[in-house]
Amino acid sequence: MLPPFELSQPTTLPEALSALAAGDGQPYAGGTILVPDLRGGREKCRRFISLAGLEELRFIGHDDEGTTLGACTTIADIAKDPEMAIAAPALAAAADVFAGAMVRSVATIGGNICCGSPSADMVPALLTLGAEVTLSNSEGKRKIPLSAFYADYKKSVLKPGELLTAVSWKPLRQSASHLFFKLARRKGDAITVTGVSVMMAANDGKCSKVRIALGSVAPTVFRASQAEDMLRGRALTAELIEKAAKAAADQCSPIDDSRASAAYRLQTAQALVRRQLTQAWHQASSV
Amino acid sequence: MTEIDTSPHAIVNENLRQVGKNKPRNDAPTKVYGRAVYAGDFHMDGMLYAKVLHSDRACANIRGIDTLAAKALGGVHAVLTSQDLPANNAVMTDLPGQVGGGTKDTKQPILAGDRVRFHGEPIALVAAESYELAQQALELIVVDYEDTEGVFDAFEAQEPDAANVYGDDNIVAAYKIRKGDIDKGFAEADYVLENTFSSQYQEQAFLEPEAAVAWIDEHDILNIRSSTQVVEHFRAVADALGMPHNKVHLQAPYVGGGFGGKEVMTIEVWLALLAMATQRPVKLVQTRENSFISHGPRHPFTFTHKTGISKSGKITAMKITVTSDAGAYAKLSPYILLYATVGATGPYRVDNLWVDSTSAATNNLPTCAYRGFGTMQANTACEAQMEELAKLIGMDSLELRRQNFIKTGDPNTTGQIIRSAVWSDQCATQALDALGERPDNTDTLLYGHGLACYQQSYGRIRWMKDTSESWVGLEVDGTAIVRCSVTDIGAGQMSALAQIAGEVLGIPMSEVTVYFGDGHMNPLGGTSTASRALYMTGKATELAAKNVRNNLLQCMAKHFDVSPGELDLGESKVFVIDDPGRSMSIKDMVKHCASLGVHRHSLEIYRAPPSEGLDPETGQGEVFPDFTYGAHAASVSVDVDTGEVTVIKSVGAHDVGQAINLRAVEGQIEGSALMGQGFALSEELILEKGVLTNGSFSEYLIPTSEDVPDIQSIVLESRSGLGPFGSKGIGEPVFAPVAASIVNAVADAIGTRIHHLPLTPEKVLAAMTAKKAAAEE
């Protein structure tokens, strides 16, 4: 049962930001994390600001500069967007396997980024896009790389009074491969055990660009930068890919929980990075 | 997609007009359009709302309960603890129904007194003006616990120094079977194989959690309208409250799923107590979180199989030990253990047999009835052993099964002679064929095919002397009424009775109204459990409808000047079979008969075949009325890097005796395909020192719509069952082989077997990794 709580329901962004500045409570959008946490007694806050009325934050914009998603864009909006499969194939794939249909229709991209969960399924694909997030407050806004957004488990660099209002990225190179794989204990509506996204572009038989991001295997979703460094500028071989996969696994710091052991997460992180890199190299280098 | 086998074995003894056909169920429109009223939908003026304080720990002494603050809260009308209850503070959880009377003590405190024995044990009840107030009151109750040592393992519970939970020795029940000569059997074997298999807790996960409203009416009758499988629980409620049986009226509206979880009482007594204490209507709908700890999940079982087998594939001996974890109270554990004991050999004839089975009490969740009722777990172990035996002797596993299938006329585990058709071979062959060719393995995916057969009883244990009553009447406008207290738990129980009565009386099922689920206004039909509802209430309804038919045909024979046997009822007419032009509408027929005072209704009772129990030393005797046989086959792929299992195709092939409603049969096969898939792959309640840690649908993983494979139903009809028109029970039987077929398919894919369910990706990957390591050594 939901405990009693206070709720403000702004209808414009300035209203929302001033409510936030006034300390009117914690913002939420779809509520797909908040409501179960409130019911389960895990959420102690009792004052909330609903972002559900902010239609201005629900948009998908594609142009030559790249793609921008308003923070209140739902996961279903992303899954249904006809251009997403080209603008960000891994993000479109992640949206398709994100939770279940009911959750997808209300959960938002901003909420998924801000919840800070290591199993947030949209984040690995955004990290491999090199996405930036726009953080706004009543004074103005700033843009930072998503890779600099997380400080620790469920902690971000958002300042008091700041709201994540958009996420954007530059266009993928046309020949680039962009992949996401979600490993979970069932196909629908399951929390990710190991999530891997890879972006790769090739030029002249060499890997010219690579980003690797892993979810659910560390306190935050993170970029496997050591593995990336090993591959950039090289022609990839099975041996090199295996070494990079090992390096990516070495950068993981998973825990045991009821869904899987740390050992299983490590083993599958390495296997999935290897598999994704192999597939990405195959796609990117054959164009 | 469904195929019907009209095999030459079928005895086509009925010209059926609607039975066996694809008919929309009578309850379909009201459910599809959202008009059906469930227990939680009722509202009454002046109604209060209840909440239950469940223990948050598994074993502790209660030094005191302070309810002062809760009672003082405005809007709170009652706060009850064990101190406020009738002196015996006990409710029976024995098998419900007409006779009861198990051999073991199945009393359970209504509210914990000085001790809690499991996580979720109810401690206090609150009734208030709103759920919110009731919740606030709950939070004001202070329980002074003193944690005590517990026992959390069914084997440890049997050790002499184990913490005491139940009786003197924690043994809730034990059985043995001694048949033939086990030593001789093993001496004759060319090979002996021993394996241990175990399975986990499974949650019923019905759509509708426990829900009920209780009130006292103007005649001082205590009424309870509850989501239950068993309206006969009015007796247990009355006994618990010290009231006469006829002063408690229990009704079940449509039930949103039971699967055994609403077979023993759930929340009825709590609401009865609160209604008595407040003299107001009181309602409770359990939250999902509390539902997880409010009924008994499926028992974890461990089976050790030692099997002797000849080179030619004949089983010469089986020695099986069976252990189940009963949790903190007996509930139905003794009976579930009996089912597992009888079912230990699956659908096979074993002449030299030794079985020892034990159910032990622990401080884990009390386990109880769940579709399959012990037989399913036993069958899953047996079918794993059969595959391993086939591998050992290098024989095709279906061929090995064929060598050993029990046949009509054979004695089963307890020496009971099988009377009905046994079409295990036909079902297995068709199910496997339907899988098609196995795809070639790829770099990342391994493919496997799996098969499992089964023997599952339908109908209750024979010494329960089960009966069912039903009343059928024809109105003067030619419509019919059936009155039977059967609970409709979603499988089409109500609609099936309409179809049966309509068939016998020659009118469409849509013109039959069924009054159901009310144990005082209708004749008692008995429980919707044990795959007995269709068998028993259907049979009683068939008998009653035939009485009505016979009365009318005798009257009409005079009218047409023929013998009654020359008349038939069909297409809403009575007609002369050899001269169909001579006919009269049913409506006119009923009017005519009514004007002559012909009896147009009948109350009938159907009695299941009885027996007097088992020989305690040999375990020989007749336990069940009859059995259903069939098979399930599954094809899977396994991801070599992650261990993820994908079920590709799932095929159930069953001899259902006679389908009553083909769509309903299909519904049972499809639902069971998913329930069995969940059991095989992902469902598991996880307890830490008895405390449930994953009691939510985000962590307890039933298959979702995205996990649904291609499911195919193959329905065979031997018309050899005890039910109406030769039908057999199917609710549990179609579920019995599903998990085993998937487990066998995974073993086929990865070339090694995992002995403890469920087959999570992690376990599958570990098994593949271990196999690879062993191969490299």
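This is a predicted model: local features need pLDDT of at least 70, side-chain atom pairs count only at pLDDT 80 or more; totals for chains, interfaces and linings use all residues.
Modeller: Helices (H or I, at least four residues) and strands (E, at least two) are DSSP runs, numbered from the N terminus. Residues are numbered from 1 along each chain as its sequence is written, and chains are lettered from A and ligands numbered from 1 in the order in which they are written.

Biologist: What is the phi of B:Ala530, and is B:Ala530 buried or exposed?

Modeller: Most residues other than glycine have a negative phi, and most peptide bonds are trans. For B:Ala530, phi is near 55 degrees, a positive value in a residue other than glycine. A residue is buried if 20 or more other C-beta atoms lie within 10 Å of its own, exposed if 12 or fewer, and partly exposed in between, with C-beta atoms placed from the backbone. B:Ala530 has 30 other C-beta atoms within 10 Å, so it is buried.

Biologist: Where does B:Asn170 lie, and what is its phi?

Modeller: B:Asn170 sits in the loop between strand E9 (142-147) and strand E10 (171-179) of chain B, and its phi, near 65 degrees, is positive in a residue other than glycine. B:Asn170 is buried because 22 other C-beta atoms lie within 10 Å.

Biologist: Which peptide bond is cis, with omega near -5 degrees?

Modeller: That bond runs from B:Leu757 to B:Pro758, and B:Pro758 belongs to the loop between H16 and H17 of chain B.

Biologist: What span should helix H17 (residues 761-776) of chain B have?

Modeller: The expected span of a helix is 1.5 Å times one less than its number of residues. The 16 residues of H17 in chain B should therefore span 22 Å, and the end C-alpha atoms are 23 Å apart, which agrees. Its buried residues are B:Pro761, B:Glu762, B:Val764, B:Leu765, B:Ala767 and B:Met768. Their cover includes helix H11 (262-285) of chain A, together with strand E27 (626-639), strand E28 (645-655) and helix H16 (738-750) of chain B.

Biologist: How many residues of chain A are in contact with chain B?

Modeller: Two residues are in contact if their C-beta atoms, placed from the backbone, lie within 7 Å. By that rule, 19 residues of chain A are in contact with 23 residues of chain B. On the side of chain A that touches chain B, the largest share, 6 residues, comes from H11(A).

Biologist: What radius of gyration does chain B have, beside that of a compact globule?

Modeller: The radius of gyration is taken over C-alpha atoms, and the globule rule is 2.2 Å times the number of residues to the power 0.38. With 777 residues, a compact globule would have a radius near 28 Å, and chain B has 27 Å, which agrees. The C-alpha atoms of chain B fill a box of roughly 90 × 75 × 50 Å along the principal axes, and buried residues make up 59% of the 777 residues.

Biologist: How does chain A read against the globule rule, and what is its radius of gyration?

Modeller: For 287 residues, the rule gives a radius near 19 Å, and chain A has 19 Å, which agrees. Chain A comprises 11 helices and 14 strands, with 52% of its 287 residues buried.
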